[in-house]
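Colleague: I have a few questions about the labels used here. Can we go through them one by one?
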Amino acid sequence: MAVRNDNPEPASPAQAPAETPEAGLGSKAPHFIRRSRPLHLSWQVAIFLVGLAVVALGVVMLPLPGPGWVVIFLGMGIWATEFVWAQLVLRWTKRKVTEAAQRALDPEVRRRNLIITAVGVVIIAGLGGWYLWKYGLTMPWKLS
């Protein structure tokens, strides 16, 4: 015989169901905008165009001086205020960045990264010293 539980609330927080991946997803538009379908569609178009402009600016900044990736993620954040796919991309990105940060804090990985950095600095300093010994402070080309 099965035991029936009519209580919809879990017995304790430890038994609470895990948060579903869809929890908290969806439009963050004000209620009066979401209530009207044409107004909500116009809102989504505007959010998409603003986010697209910001992402495009970030892509332009990638080869140029500027915080390209930061601006791209800002544009994704703008999109995430309205579109579920952008919210999922940002969640995935946040999870991957957190995992990478945890891996970077691993003592073995930190030791390896410090050794690689030290070797790189020694090589660059050696090349700089060789250049100064060979050519001095003058440039090897003439700009007249």
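Colleague: Where do glutamate 99 and lysine 96 lie?

Modeller: Both lie in helix α4 (residues 84-104). They are 3 residues apart, about one turn of the helix. Helices here are DSSP runs of H or I with at least four residues, and strands are runs of E with at least two, numbered from the N terminus. This is a predicted model: local features need pLDDT of at least 70, side-chain atom pairs count only at pLDDT 80 or more, and totals for chains, interfaces and linings use all residues. Residues are numbered from 1 along each chain as its sequence is written, and side-chain values use heavy atoms, leaving out hydrogens and water.

Colleague: What makes glutamate 99 and lysine 96 a salt bridge?

Modeller: The definition asks for a side-chain nitrogen of Lys or Arg within 4 Å of a carboxyl oxygen of Asp or Glu. Here the closest N and O atoms are 3.7 Å apart, so the pair qualifies. The structure holds 1 salt bridge.

Colleague: Why is glutamate 99 called partly exposed?

Modeller: Buried means under 20% relative accessible area, exposed over 50%, and partly exposed in between (1.4 Å probe, protein chains only). Glutamate 99 has 32%, so it is partly exposed. Lysine 96, at 37%, is partly exposed too.

Colleague: Why is histidine 40 called buried?

Modeller: Its relative accessible area is 12%, so it falls under the 20% cut-off. Histidine 40 lies in helix α2 (residues 37-61).

Colleague: What is pLDDT like over residues 7-19?

Modeller: pLDDT is the predictor's confidence in each residue, from 0 to 100. Over residues 7-19 it stays under 50. Where pLDDT is low, the predicted coordinates should not be read in detail.

Key:
Contact means heavy atoms within 4.5 Å.
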